[in-house]
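Hello,

Here is the structure I promised to pass on. Please open it first, then read my notes below.

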Amino acid sequence: MPDVLIIGAGPAGLSAARAARRLGAAVTLLDSSDELGGQYWRHLPPSRPSERESVLHHGWATFTALRSELETDDGCTIIRGASVWAIETRDGRPGAVFAVIGEPDGAGRSQRVFEPDALVLATGAHDRTLPFPGWDLPGVFTAGAAQALAKGERVAIGSRVLVAGAGPFLLPVAASLVATGSTVIGVYEANRTKSLLAGWLPKPWQLLRAAKKGTELAGYVLNHLQHRIPYRLGVAVVRADGTDRVETVTIARVDASWAPIPGTEQTIAVDAVCVGHGFTPRLELALAAGCALGADDFVTVDEGQQTSVSSVYAAGEITGIGGVDLALAEGEIAGHVAAGGSVLDARLASALAHRRTYLAFADRIENAHGIETGWQGWLTDDTVVCRCEEVSYGDLCGAVAATGGASLRSVKLSSRAGLGICQGRVCGRTVEELLSTLSPGHSDGPGHSDGPRSAAADRVRTDRRPIAVPLRLGELAAEPG
Amino acid sequence: MTSFLLPPSDDPIRPAEASGIRIAVDGRPVDGLAGQSIAGVLLGSGTLAWRTTSKNARPRGVFCGIGVCYDCLVEVNGQRDVRACQRRAADGDTVSTQYDALPEVAEPIELPGEADGRA
Amino acid sequence: MRVIVIGGGIIGAATARSLSRRGIDVTVLERGRNVGGTSSGGEGNLLLSDKGPGDELRLTQYSSTLWPVVDAELRDELGPAFPSVEFERKGGVVVATTAQGAQPLHDFAALQRTAGVDARPVSRDDALLLEPHLNPAITAAIHYPEDAQVQPVIMTEALIASAKLSGAQFFENEAVLAGIRSPGGELVGVRTTRGTHHADAVVVAAGPWSGDVSEALGLSLPVKPRRGMVLVTSRMPHRIFHKVYDGDYVGVVGSSNAALQTSSVIETTAAGTVLIGSSRQQIGFDTRLTVAVLRELAQKALRLFPFLSEMMVMRSYGGFRPFMPDHLPVIGPDPRLPGLWHATGHEGAGIGLSVATGAMLADLLAGAPPALDAAPFSPARASLAPFLAPFLTPFPDSRAA
Ligand SMILES: Cc1cc2nc3c(=O)[nH]c(=O)nc-3n(C[C@H](O)[C@H](O)[C@H](O)COP(=O)(O)OP(=O)(O)OC[C@H]3O[C@@H](n4cnc5c(N)ncnc54)[C@H](O)[C@@H]3O)c2cc1C
Ligand SMILES: Cc1cc2nc3c(=O)[nH]c(=O)nc-3n(C[C@H](O)[C@H](O)[C@H](O)COP(=O)(O)OP(=O)(O)OC[C@H]3O[C@@H](n4cnc5c(N)ncnc54)[C@H](O)[C@@H]3O)c2cc1C
Ligand code: FES
């Protein structure tokens with residue numbers, strides 16, 4: 001039986017672990033967090049027990065069952081607080097996986113190197129938040145932060161909170177805020193009725209019921225009605241203002257391309273705003289392992305969730321944003337095949353069927369909620385684009401103008417956009433998109449035109465982070481052992 | 001108004017009593033609950049920002065809440081660059097806020113004895 | 001006169017700038033994007049400290065006199081809106097960490113002084129004045145006030161922008177596939193992925209790929225990739241003020257050993273991060289990560305600055321230095337093929353040597369006497385002869401063409 005190493009203990013990783021164990025593989029499950037569950041089932045630590053934590057979650061019973069099954073299974077080694085910081089590739093094998101284990105950002109953490117027979121990557125995604133003037137003020141959060149603090153801390157980001165961005169995720173965030181004592185002023189979705197209609201149905205909860213995600217969303221919707229939270233389409237946050245923290249936000253109607261419509265601005269007093277425009281997959285480990293990406297910048301997998309690298313599998317949000325049920329189905333298939341099982345095994349039938357359903361669902365969500373390009377219209381010269389290095393939109397425009405349209409790599413290295421400690425996780429894709437607007441086809445001499453090819457090659461560089469998470473030099477210098 | 005910890009009495013999940021902890025933030029005592037992250041303790045006590053940025057000296061606190069943006073960095077017990085949203089607070093932790101000024105182009109240091117060293 | 005330069009790295013950029021400022025019609029062909037090769041994969045040290053007396057030092061000293069001039073010219077031409085090229089003579093401090101290492105370091109410095117390098121032995125106390133956080137356990141230290149740096153990517157972009165102002169044309173995403181010969185056998189142009197270009201001279205400035213490009217043009221050139229990795233820390237309070245490295249570096253640079261070699265050149269960047277680099281490994285164009293290489297860099301850095309142990313490494317990056325078997329760049333006409341010129345093979349010093357290379361090549365092409373004797377860098381030099389077979393068309397001096 002093969003040794004299966006699983007990185008990420010969110011829905012996909014947990015499901016993979018159970019499936020691999022079902023076939024008898026020796027499983028090691030790593031997560032940088034000290035709790036299982038990933039982003040979706042983020043919960044309170046054992047030091048803060050409660051009677052009804054399930055109220056905050058969808059599928060809580062699924063999670064607790066998975067967790068106790070794996071925790072009590074001797075064939076499954078769970079290593080918490082294990083940050084995987086590098087993968088060395090090996091010909092014909094998944095490669096060597098390097099982890100530091102201990103308190104987050106600690107020093108002198110213990111180190112382990114794993115050389116598994118099969119590797120399952122289930123590293124999930126993080127919020128993608130587009131910049132707007134004032135988004136660097138304290139009190140402006142990602143939608144995921146509001147959710148994580150509500151579920152994992154019972155901390156509300158503010159009393160009067162505005163929720164904005166794009167995608168169905170905004171609804172559970174608003175619901176969590178309400179359940180944590182905030183007043184949600186409104187939920188503002190940048191996409192408009194027409195594109196939502198094309199993508200799914202006019203009322204999001206109808207589709208979700210159809211897609212069998214109903215229970216969770218029905219709860220949220222009820223919650224909404226109960227609390228009379230306006231849910232408005234075709235509206236975006238275009239700026240936030242305040243001295244040392246957010247005091248007001250300005251919303252505006254946007255057209256189908258997300259370009260703000262002048263004259264429709266409305267300024268609202270808030271004490272916090274949370275904004276999420278979608279998700280960015282956490283690809284650095286997949287790239288380190290040598291996995292190919294598709295044109296959509298997600299990890300490419302086959303029927304059995306195997307990546308382009310033999311014995312390396314991927315599941316969950318890194319293969320496409322599709323929500324918890326898709327992550328569970330993909331995880332099950334990945335774990336099963338990684339443990340030596342066949343995709344044709346009858347035990348996988350329902351996971352395969354679920355995957356089909358939820359993939360279609362994910363496509364519709366992407367069509368309805370995908371990021372359009374007009375948002376660049378709400379940037380001002382002094383809008384911070386790279387939060388770490390405080391590179392403004394004006395700085396970027398200046399670098400592009402001064403160099404007559406240098407490449408993404410060059411502009412990043414000369415402006416420092418994306419070179420800060422988050423390694424371009426927050427701004428990387430934004431900088432790429434801004435540059436392709438600022439100098440479209442600039443790469444080409446007279447009469448030439450195949451810019452995008454090299455832009456795509458550059459794109460991979462943004463997600464490539466040979467040191468996947470920072471570690472202390474003293475830890476890097478220490479021989480593992 | 002600002003961020004807050006939902007009082008257990010108002011919480012629909014009906015939490016059991018959790019033990020309290022106290023940390024020092026730039027010397028100021030801040031109370032929280034065992035198991036909270038340092039960011040959780042700070043936000044729970046109504047503090048939205050702690051780090052000061054290097055270039056424009058602007059305040060920052062939590063942005064992503066899940067360890068990817070590094071906006072929330074603090075020094076904990078003498079160790080810098082710790083993500084406050086990831087590190088659980090321990091009773092008695094000493095937390096200092098970070099401000100790393102950009103380096104200035106230094107004036108060359110003239111050593112008194114240098115000329116002697118030249119052959 | 002029309003000249004084609006192959007490669008949009010710092011050498012191609014500096015060459016194009018020097019040529020176009022002399023009124024020569026220059027076309028630069030780059031198969032990817034400009035500054036996408038080695039010139040964006042390394043550091044920007046302009047070091048005299050690591051070079052012993054000899055031709056490379058002379059070229060470096062020549063470059064060192066050009067840098068302040070070029071810096072001022074670029075500032076003038078490009079204006080304040082252009083990002084700073086970060087030219088700074090911050091100086092180097094080279095230390096020995098072992099008892100055996102002390103004397104060789106002093107001997108080397110003495111030798112350098114005979115060649116005009118400002119190499120000042122400093123006591124341990126003085127070294128600690130220069131670098132207060134240095135490991136006090138050092139056994140020797142030399143201060144090199146002339147060591148300087150630029151930001152290599154911005155500098156390359158600045159050289160390109162300046163060359164464009166003088167009329168040079170840059171074509172990106174256009175790879176050179178083959179040469180075009182005249183009936184007499186001279187190289188008169190190149191065929192690319194997009195068409196053809198004709199010229200009186202073709203300059204190969206393709207960095208570590210110069211061997212492949214020369215081959216495509218019909219000749220061998222023994223340029224080999226030598227991989228280098230650099231570690232980058234997160235921003236920290238300013239505590240390292242010079243380029244600081246251990247003395248082993250001196251031995252490493254001149255060596256051909258293919259096995260892993262590292263030395264820790266440590267310096268603060270303008271952004272407050274610290275660069276630790278770099279390794280030297282001959283493993284072809286293999287870009288795979290090797291943790292052992294990063295580990296060794298970290299270990300050496302901690303020996304010099306123990307406080308770094310607590311700092312975060314956030315990134316590693318690297319590139320392939322264009323390595324020459326006889327450790328000198330090739331600058332000048334190829335005796336085997338009239339019309340073919342080289343400006344390549346600068347190994348780990350191409351940033352520092354770029355402006356001297358451009359100036360020398362422009363002088364040679366224009367038929368003017370170069371400011372520095374170019375013979376030691378000629379492709380016809382004796383030390384290169386064993387590596388240069390086959391001679392396709394023996395032709396003593398293409399400048400005659
Ligand atoms: C903050 C946040 C909150 C969310 N909340 C909801 C919600 O309420 N409802 C909803 O429908 N969807 C939510 N989502 C969307 C969510 O991503 C998916 O629904 C689901 O969690 C995806 O599961 P997954 O297993 O693919 O990834 P995740 O749940 O993201 O799990 C990935 C795991 O990998 C670990 N990991 C990543 N990199 C490393 C590394 N280098 N070393 C070690 N471990 C690593 C992470 O710690 C994480 O636990 C949220 C997303 C985010 C970012
Ligand atoms: C880790 C590391 C650290 C370094 N540190 C320093 C330092 O501190 N100081 C210093 O001076 N130097 C340093 N160097 C060395 C320096 O970076 C190189 O010597 C220099 O960049 C070489 O420049 P180049 O223009 O010759 O090559 P490159 O920058 O590689 O440019 C060559 C270009 O040619 C193009 N090309 C290739 N084939 C073709 C074709 N068929 N058609 C068209 N174009 C083609 C390539 O795409 C490339 O862009 C370091 C190098 C490394 C790797
Ligand atoms: S808030 Fe983003 S890393 Fe802590």
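Is A:C274 buried or exposed? A:C274 is buried, and its relative accessible area is 0%. Keep in mind throughout that this is a predicted model.

A:C274 takes part in none, and the nearest cysteine sulfur to its own belongs to B:C64, 13 Å away.

**Confidence**

How far does the predictor trust its own work? For the complex, it gives an ipTM of 0.92 and a pTM of 0.93. Chain C has a mean pLDDT of 92. In that chain, 93% of residues reach 70 or more. One stretch of chain C to treat separately is residues 392-401, where pLDDT stays under 50. The model has 23 contacts beyond four places in sequence for that stretch.

Together the two chains bury about 4,700 Å². Of that area, 53% is on carbon and sulfur atoms. Three residues stand out on the chain A side: A:D105, A:R387 and A:E390. They supply 13% of the area that chain A buries against chain B, more than any other three residues.

Charged and polar pairs are present too. The rule finds 8 salt bridges across the interface of chain A and chain B. There is also a salt bridge to look up by name: the side chains of A:R154 and B:D11 meet at 2.7 Å, N to O. For polar contact, the interface of chain A and chain B has 28 residue pairs, with both residues at pLDDT 80 or more.

**Backbone points to look at**

Most residues other than glycine have a negative phi, and most peptide bonds are trans.

- The peptide bond from C:G277 to C:S278 is cis, and its omega is near 5°. C:S278 lies in strand β16 of chain C, residues 274-280.
- A:S311 is not a glycine, yet its phi is positive, near 70°. You will find A:S311 in the loop between α8 (284-288) and β19 (312-314) of chain A. A:S311 has a relative accessible area of 19%. Buried means under 20%, so A:S311 counts as buried.
- C:H327 is not a glycine either, and its phi is positive at about 60°. C:H327 is in the loop between β17 (312-323) and β18 (330-333) of chain C. Is C:H327 buried, partly exposed or exposed? At 26% relative accessibility, C:H327 counts as partly exposed.

If you want a place to start, go to the salt bridge between B:D11 and A:R154. Then turn to the cis peptide bond from C:G277 to C:S278.

Best wishes

Conventions
Residues are numbered from 1 along each chain as its sequence is written. Chains are lettered from A and ligands numbered from 1 in the order in which they are written. Side-chain values use heavy atoms; hydrogens and water are left out. pLDDT is the predictor's confidence in each residue, from 0 to 100. Contact means heavy atoms within 4.5 Å. A disulfide is a pair of cysteine sulfur atoms within 2.5 Å. Buried means under 20% relative accessible area, exposed over 50%, partly exposed in between (1.4 Å probe, protein chains only). Buried area is the accessible area (1.4 Å probe) that two parts lose on being put together, summed over both. A salt bridge is a side-chain nitrogen of Lys or Arg within 4 Å of a carboxyl oxygen of Asp or Glu. A polar contact is a pair of N or O atoms within 3.5 Å; within protein, one must be able to donate a hydrogen and the other to accept it, and residues adjacent in sequence count only if both atoms are side-chain atoms. Helices (H or I, at least four residues) and strands (E, at least two) are DSSP runs, numbered from the N terminus.
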